[in-house]
Amino acid sequence: MDLKEKIRSLKDYPKEGIIFRDITTLLKDGEAFRACIDALKELVKDESIDKVVAIEARGFLLGAPLAYDLGVGFVPVRKPGKLPAATLSAEYDLEYGSDKVEMHIDAVAPGEKVLIVDDLLATGGTGKAAVEICEAAGADVVGCLVLIELDGLNGREKIGVPVYSLMHFPA
């Protein structure tokens, strides 16, 4: 099955000049979704992983079933103010301004091997921020796993850990 064919591309969304890669068309297909999780798992089969750390929101859709399948813990990285206990945070740049992500301060332990999961890697800002907060907690980030990598934006260079991409699209 060609999973890339299950991704819907929407021109000029959310603004003119952008091609939005919509994964909901893959997720709604049970066979494709299962094949996707299996393929993501295959990409990191040689890594020792204690926890999957997934980035809000679409990263949760891939990270939670992957963590379940691997038999490891799941940790959400969220936008500010969404987590109820003490957090670590990291800021990242946007096209106009900046944003921040947070993780519970006790979500990962020093020395734990964590895999960061998201749906898409573009410029790498969110992924880099997730790496920073995991490392601040003392975790060993074994890599960043993404469903889609947008080529030409150099996001993988910014993240600073190995990047595993299931599929590539032009930016």
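Contact here means that heavy atoms lie within 4.5 Å. The model described is a predicted one.

Under that definition, S165 touches several residues beyond its neighbours within four places in sequence. These contacts are L43, V146, E149 and R156. S165 sits in strand β9. The residue is buried, with a relative accessible area of 13%.

Helix α2 itself runs through residues 30–43 and has 14 residues. From its first C-alpha to its last, α2 reaches 20 Å. That span is close to the 20 Å expected at 1.5 Å a residue.

Which residues of α2 are buried? They are A32, C36, I37 and L40. These residues lie on the same side of α2, because they cover an arc of only 135° around the axis. The spacing follows a general rule. An α-helix has 3.6 residues a turn, so residues three or four places apart point the same way. The other side of α2 carries exposed residues, namely G30, E31 and R34. The start of α2 shows a further detail. There, a side-chain oxygen of D29 comes to within 3.1 Å of the backbone nitrogen of E31.

Is T25 buried or exposed? T25 counts as buried, because its relative accessibility is 13% and the cut-off for buried is under 20%. The side chain of T25 has a polar atom 2.5 Å from the backbone oxygen of K6. A polar atom of the T25 side chain also lies 3.2 Å from the backbone oxygen of D22. With neighbours within four places in sequence set aside, T25 is in contact with K6, I7 and R8.

K11 belongs to strand β1, which spans residues 8–11. K11 is exposed, and its relative accessible area is 69%. Beyond neighbours within four places in sequence, K11 is in contact with I18 and I19. K11 and R21 are 10 residues apart along the chain, and their C-alpha atoms are separated by 9.1 Å.

Notes:
Residues are numbered from 1 along each chain as its sequence is written. This is a predicted model: local features need pLDDT of at least 70, side-chain atom pairs count only at pLDDT 80 or more; totals for chains, interfaces and linings use all residues. Side-chain values use heavy atoms; hydrogens and water are left out. Helices (H or I, at least four residues) and strands (E, at least two) are DSSP runs, numbered from the N terminus. The expected span of a helix is 1.5 Å times one less than its number of residues. Buried means under 20% relative accessible area, exposed over 50%, partly exposed in between (1.4 Å probe, protein chains only). The arc is that of the directions from the helix axis to the C-beta atoms. A polar contact is a pair of N or O atoms within 3.5 Å; within protein, one must be able to donate a hydrogen and the other to accept it, and residues adjacent in sequence count only if both atoms are side-chain atoms.
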